[in-house]
Protein chains: 2
Amino acid sequence: MARWEPDAGPRLVRAALDLIGEQGYAATTVAQIAERAGLTRTTFFRHFADKREVLFAGQEVLGRLLADGIAGAPADATPLAAVAAALDAATAVFTAEQREYGPRLHAVIAENGELAERAAFKRASLRAAIADALRARGVGDPGAGLAAGLGVDAFYRAFERWCDLPAGPTYPELAREELAALRAAAAALG
Amino acid sequence: MARWEPDAGPRLVRAALDLIGEQGYAATTVAQIAERAGLTRTTFFRHFADKREVLFAGQEVLGRLLADGIAGAPADATPLAAVAAALDAATAVFTAEQREYGPRLHAVIAENGELAERAAFKRASLRAAIADALRARGVGDPGAGLAAGLGVDAFYRAFERWCDLPAGPTYPELAREELAALRAAAAALG
């Protein structure tokens, strides 16, 4: 019956992006995505709660990786140093395939209001996960939320640059650069 | 908004919050909200695009007020000083009625995933409106986005405190306090 499908998640993501590219988001069904991936609807719903979720694959894992990275930072690390360490650790796993997905995903989200809403919610959830991990280290407010906001901004700014530069720096290098730029901008707020 | 009906908007908001409080968000229809407010569905849709929008009444106006406030700040104001001036100007209109709505709105949004997604999107839109207004003043990136993020955080943090303190400071006073606290936290990031 239910077969072990080790790469079902990535296959479903690829199938979804292909179909949406061909026929648009609204016209694409979960059944079509599963079929294109050579899998069943049941397998789809074992991996994703709904059609929108397939486009945000890995976000939850990422939130956990970032939170773990912050928890594991040296005890004397500043909030922003802990965020930098977490970005390093969590994004070292980013693959070339994800770099190819990025621009396609952006294009789909930009054209659909429902997806834009979920994207904003995912971004806010990522920030909350980082802020909570900082608070668990004893960082107070509003510093925890602020450092988390900088971390999330660095994450997304680096992701855009990374997708644009197929032969450029690694993702962790770009994230570190963006975080440094945000830190400098914060110091210059006056 | 094709036509100006002086109190239709607030009446619809009040009716929506009352009905949602009585029977839940999912069970409440646009027709019921209009009827409770003594208005027609047509009038509802002149004011709000859908059922969710009635719970975010005034957000678009607020975005414009904040953007106008930033555009109108003195030419030599720092980005954060421009944000502070905009918060002062835009939130001076907040009424006691809005203070009463706040906690009820929070409760409804917290219980509904779709509303939480739209709330996150609205927050991101408000930030984008402020950042764009700062860029129009010549503020570069990532400073514009950062200052806008601090402004939006101050806005929501102050709103929560304002709703909790019926006899406390005015909203603009709280927003200024929160922005100062965020500015201090930004300077302390190290």
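**View 1. The largest nonpolar core of this predicted model has 72 residues.** Start here if you like to see what sits inside. Val83(A), Ile130(A), Val83(B) and Ile130(B) are the residues with the most contacts within this core.

**View 2. Another core, of 37 residues, lies apart from the largest one.** Among its members are Val13(A) and Ala120(A), along with Ala8(B) and Ala15(B).

**View 3. Chain A meets chain B, with 26 residues of chain A in contact with 26 residues of chain B.** On the chain A side, the elements giving two or more residues are helix H5 (79-91), helix H7 (113-136), helix H8 (143-164) and helix H9 (171-187). H8(A) gives the most, with 7 residues. Sorted by class, this side of chain A has 16 nonpolar residues, together with 5 polar and 5 charged ones.

**View 4. Chain A superposes on chain B by a rotation of 180 degrees.** The shift along the rotation axis is 0.0 Å, and the RMSD is 0.1 Å. This is the relation of a two-fold axis. Both copies use the same surface: 100% of the contact residues of chain A recur in chain B.

Definitions and conventions:
Residues numbered from 1 in each chain as written. Chains lettered and ligands numbered in written order. Predicted model: local features only at pLDDT ≥ 70, side-chain atom pairs only at ≥ 80, totals over all residues. Contact = placed C-beta atoms within 7 Å. Helix = DSSP H or I, 4+ residues; strand = E, 2+ residues; numbered from the N terminus. Nonpolar A, V, L, I, M, F, W, Y, C, P; charged D, E, K, R; others polar. Least-squares fit on C-alpha atoms with pLDDT ≥ 70 in both. Core = buried A, V, L, I, M, F, W, Y, C linked by C-beta atoms within 7 Å. Buried ≥ 20, exposed ≤ 12 C-beta atoms within 10 Å, placed from the backbone.
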